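Student: I have a structure on screen and want to learn how to read it. Can you take me through its features?

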Amino acid sequence: WKEAIIYQVYPRSFKDTTGNGIGDLQGLISKLDYIKNLGIDLIWLSPMFKSPNDDNGYDISNYQDIMDDFGTMDDFDQLMEELKKRDLKIILDLVVNHCSDEHFWFQEAQKSKSNPYRNYFHWQTPQEDGSAPNDWVSIFTGSAWEFDDLTEEYFLHLFTKKQPDLNWENPKVREEVYDIMRFWLNKGVAGFRMDVISLISKKAGYPSFPENFDGHASNFYGNGPKIHEYLREMHEKVLSHYDDIMTVGEGFGISTHQALDYVGENRKELHS
């Protein structure tokens, strides 16, 4: 992978085969010879999972199904067969800092404070005046907290309000993620581009921004206290069991002097 040439395919805008103006998996299949002839070794396929598309597919409502616009799982399985014929590999986006508010987990979590899925997300009670728990802001726009009328608590969303952040402190959440990874690795994908992976560990107690806060929220949210613990566990439980795969993390808030903490060969976390 260190010398591979990687080609990103954004499925919605790549190649339409149905005439509806939306790219699809059959469109990608039809262009594999073209991609191979460019000298490409590996494709990074941006999200093609079930999604209401509040954030262009980065709000996933089902991690083990294909967005209707793009095709079916049979199309994906055909894609894997055609890639193998051409000695091409593929990595997928792993979007697990958050999911969609239309995911089963969140729909269950909203039902009651005692629901088994409640602790899959970050919930906090309002302040005395009813305002958000702290001054955190979304990386997109507005507050990072959204009030839920049914249970009268706020949930955390570092991106859009339809992308509730997953609570990685909960070991059940981590096991759900590892099961998702195994599902796709067992289909033959060659690894993952991990979306905003540096944000999955939240600061304990949800402290407000410091007095000297410079406005770079992603730097404040990144490199949480348990990030390396989670990545090492991910490697131990999943990645180390598969040969010839690679990972690349989207490094929000990671500085150059911190990079080796994530990708050093002896760290057993990410490749790049």
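The dialogue below goes from the whole chain to single residues.

Tutor: First, the ground rules. This is a predicted model, where local features need pLDDT of at least 70, side-chain atom pairs count only at pLDDT 80 or more, and totals for chains, interfaces and linings use all residues. Residues are numbered from 1 along each chain as its sequence is written, and side-chain values use heavy atoms, with hydrogens and water left out.

Student: How many helices and strands does the protein chain have?

Tutor: Helices (H or I, at least four residues) and strands (E, at least two) are DSSP runs, numbered from the N terminus. The protein chain has 9 helices and 10 strands. Its radius of gyration is 19 Å, close to the 19 Å that the globule rule gives for 272 residues, so the chain is as compact as a globular protein of that length. That radius is taken over C-alpha atoms, and the rule is 2.2 Å times the number of residues to the power 0.38.

Student: What are the spans of the C-alpha trace along its principal axes?

Tutor: About 60 × 45 × 35 Å. Next, burial. Buried means under 20% relative accessible area, exposed over 50%, and partly exposed in between (1.4 Å probe, protein chains only). Of the 272 residues, 49% count as buried.

Student: Now the sheets. How do strands pair?

Tutor: Strands of a sheet pair through backbone hydrogen bonds, either parallel or antiparallel. Here the test is that DSSP finds at least two bridges between two strands.

Student: How many bridges link strand 9 and strand 10?

Tutor: Strand 9 (residues 191–194) pairs with strand 10 over 4 bridges, in the parallel sense. Arg193 has Val248 in strand 10 as its bridge partner.

Student: Which strands form the antiparallel sheet?

Tutor: That open sheet holds 3 strands in the order 6-8-7. Strand 6 (123–124) and strand 7 (145–148) stand at the edges with a single partner strand each, so one side of each is left without a neighbour in the sheet. Strand 7 and strand 8 (residues 153–156) run antiparallel and are joined by 4 bridges. Asp148 has Glu153 in strand 8 as its bridge partner.

Student: What do the buried residues of helix 8 pack against?

Tutor: An α-helix has 3.6 residues a turn, so residues three or four places apart point the same way. In helix 8 (residues 227–237), the buried residues are Ile227, His228, Tyr230, Leu231, Glu233, Met234 and His235. They pack against strand 5, helix 6, strand 9 and helix 9 (259–263).

Student: Is Ser46 buried or exposed?

Tutor: Ser46 is buried, at a relative accessible area of 0%. It sits in the loop between strand 2 and strand 3 (49–50). Leaving out residues up to four places away in sequence, Ser46 touches Gln8, Val9, Tyr10, Pro11, Tyr58 and Asp93.

Student: What is the phi of Asn56?

Tutor: Positive, about 50 degrees, although Asn56 is not a glycine. Asn56 lies in the loop between strand 3 and strand 4 (62–66) and is partly exposed, at 45% relative accessibility. Val196, also not a glycine, has a positive phi of about 35 degrees. Val196 is buried, with a relative accessible area of 2%.

Student: How many aromatic pairs are there in the whole structure?

Tutor: There are 26. Rings of Phe, Tyr and Trp (its six-membered ring) pair if their centres lie within 6.5 Å; planes under 30 degrees apart count as stacked, over 60 as edge-to-face and the rest as tilted. Phe213 and Phe220 have ring centres 6.2 Å apart and planes at 75 degrees, so this pair is edge-to-face. Phe213 is partly exposed at 26% relative accessible area, while Phe220 is buried at 13%.

How values were computed:
Contact means heavy atoms within 4.5 Å.
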